[in-house]
Amino acid sequence: MKTTILTELGKLWQIAWPVLIGQLATVGMSVADVAMTGHLSAQDLAAVALGASLWSIILVTVMGIMIAINAVVAHEVGAGAFDKIPHIMRQSMWMAFGIGVIACALLNFSTGIFNYLQLEPLVQQKATQFVRVISIGMPAFAMYRALYSYTTSLNETKPVMMIAILGLAFNVVVNYLFIYGKFGLPQLGSTGCALATGIAMWLMLGAMLWWTHRAPVYQQTFPFTHREAPKWSEIRSMLKIGLPIGVTYFAEVSAFCAVGLLVARFGVVAISANQIALNFSSLIFMVPMSLGIALTTRVSQTLGEGNVIRARFVSWTGVGIALVFAVISASFMTLLRYQVAAAYTSDPAVQEVAANLLLLAAIFQLSDAAQVTFSCALRGYKVTRIPMFIHIMAFYGFALPIGLTLGLAPAWMPWAPAKPMEASGFWIGLVLGLTVAAILLGAFLHRLSSTRIAYHLNSTE
């Protein structure tokens, strides 16, 4: 058994480590945006924090929808049906383009929410400009994620890593030029980092298209040999898997981003500290998320082979390694929270509040790692609707109501705290919501995998 576990861990890690570096590089763009604007002015940092809240909600929702391609293609890889993959990918690119255009429009429309947050006029103006400029990258991002799922399903994850690193390098350099106005360029502040990120998304798409065209490993399944009209019936079948995942991602990320918007009433310090804690937590979250992406691929391939017993083993192995990492990351965040806050900003008031929030972020590392790997294993089974409802209930039935009660302490609620806990109250709600999601998803994965095994054994008797 020990050898089997080590063998499976090796296969998971072979897929996951380039994905991890790629994910860290992608999130690193957001880290660079926050850190570089944080050293320009509190207003620019607040604008990026608010703009990134809306951008992240739409971005991660699109990312979730595109994960359906991973499950579908990886299943065909496991079954050895490589001839079906080019057609699947041509249809998925049509789907990605349409979703990207819709997402771009939604982003621009969503800036109206800033009118209701009682923001400083300058912060509102900068946040609106940030969202409108960065939205130009959304169609490219959607198509890039479609190709991302394609190459990951083929166990080719190094292209993802290399392209994301190049995108990060480009983003940092152009950030430096536009945020601070170097070499005679205008000082654009928060708008400059939005422009850099938007352009980087298009360059990353171009690099992925070039790579799949040139690398020999894609020749058997290369999708762009000829044009093909979109077929709604096939796009709809992918959306049946992808939309619930997108809604799941939306429920989680919108809960976190809603906290960012709700704490805006407590001033620039609260906004900035919340964004620092959220940004760093997102960076750490890339490890269990990358393991989850690898887990979806491995579970899908194993089920494509018809091995339901091994699929359950793969699922729980992935969850186990994610929990081990969560213990390590929680310890790291607890011990070094003040140093992390200082790396983001030189403002002592922001540092203090951010350090307190990072302590709460450390607490939910176990729940967060568990819920994401449970969800990804279930996606390998192509089961996405029940996890969607679990996430909606956990975040909107537990996390946000509890966060609103503790964070705002409304007078009409007799059990509210004596005074608002502000951002800390909202983060306590997030901890509880993630814990509920992890428990329910774990129970559902156990039931589903056991049912599949029982059905398989009965059918072979």
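I searched the whole structure for disulfides (a pair of cysteine sulfur atoms within 2.5 Å) and got zero. For the record, a disulfide is a covalent bond between the sulfur atoms of two cysteines. I looked up two cysteines anyway. Cys193 is buried at 0% relative accessibility, and Cys376 is buried too, at 2%. My cut-offs: buried is under 20% relative accessible area, exposed is over 50%, and partly exposed is in between, with a 1.4 Å probe and protein chains only.

Housekeeping before I go on. This is a predicted model, so I note that local features need pLDDT of at least 70 and side-chain atom pairs count only at pLDDT 80 or more, while totals for chains, interfaces and linings use all residues. Residues are numbered from 1 along each chain as its sequence is written, and side-chain values use heavy atoms, with hydrogens and water left out.

Core next. A nonpolar core here is a set of buried Ala, Val, Leu, Ile, Met, Phe, Trp, Tyr and Cys residues joined through side-chain atoms within 4.5 Å. The largest one has 153 residues, and those with the most contacts inside it are Leu50, Val62, Met66, Phe114, Met138 and Trp427. Helix H2 (residues 42–79) gives the most to this core, 22 residues. Helices in these notes are DSSP runs (H or I, at least four residues), numbered from the N terminus.

I picked Leu50 and listed its contacts (heavy atoms within 4.5 Å). Leaving aside neighbours within four places in sequence, I got Phe114, Leu119, Val123, Ala127, Gly260, Leu261, Ala264 and Ile271.

Which residues does Thr111 touch, not counting those up to four places away in sequence? I found Leu54, Thr128, Val131 and Arg132. Thr111 sits in the loop between helix H3 (85–110) and helix H4 (121–134), and it is buried, with a relative accessible area of 7%.

Ala164, in helix H6, came out buried at 0% relative accessible area. Not counting residues up to four places away in sequence, Ala164 touches Gly22, Ala25, Thr26 and Met204.

Then the backbone angles. Asn155 has phi near 65 degrees; it is in the loop between helix H5 (138–153) and helix H6 (158–180) and is partly exposed at 37% relative accessibility. Glu422 has phi near 55 degrees; its loop runs between H14 and helix H15 (423–460), and Glu422 is partly exposed at 36%.

Last, the surface. Which residues make the nonpolar patch of about 430 Å²? I get Val247, Phe250, Phe389, Ile392 and Tyr396. Patch residues have over 30% relative accessible area and no salt bridge; like charges are joined within 9 Å, and nonpolar side chains (Val, Leu, Ile, Met, Phe, Trp, Tyr) within 5 Å. A salt bridge is a side-chain nitrogen of Lys or Arg within 4 Å of a carboxyl oxygen of Asp or Glu. Areas are Shrake-Rupley with a 1.4 Å probe, and for residues only the protein chains shown count as cover.

Helix H8 (232–262) and helix H14 (385–408) each supply at least two of the patch residues, with the largest share, three residues, from H14. Phe389 is in H14 and is exposed, at 53% relative accessible area.
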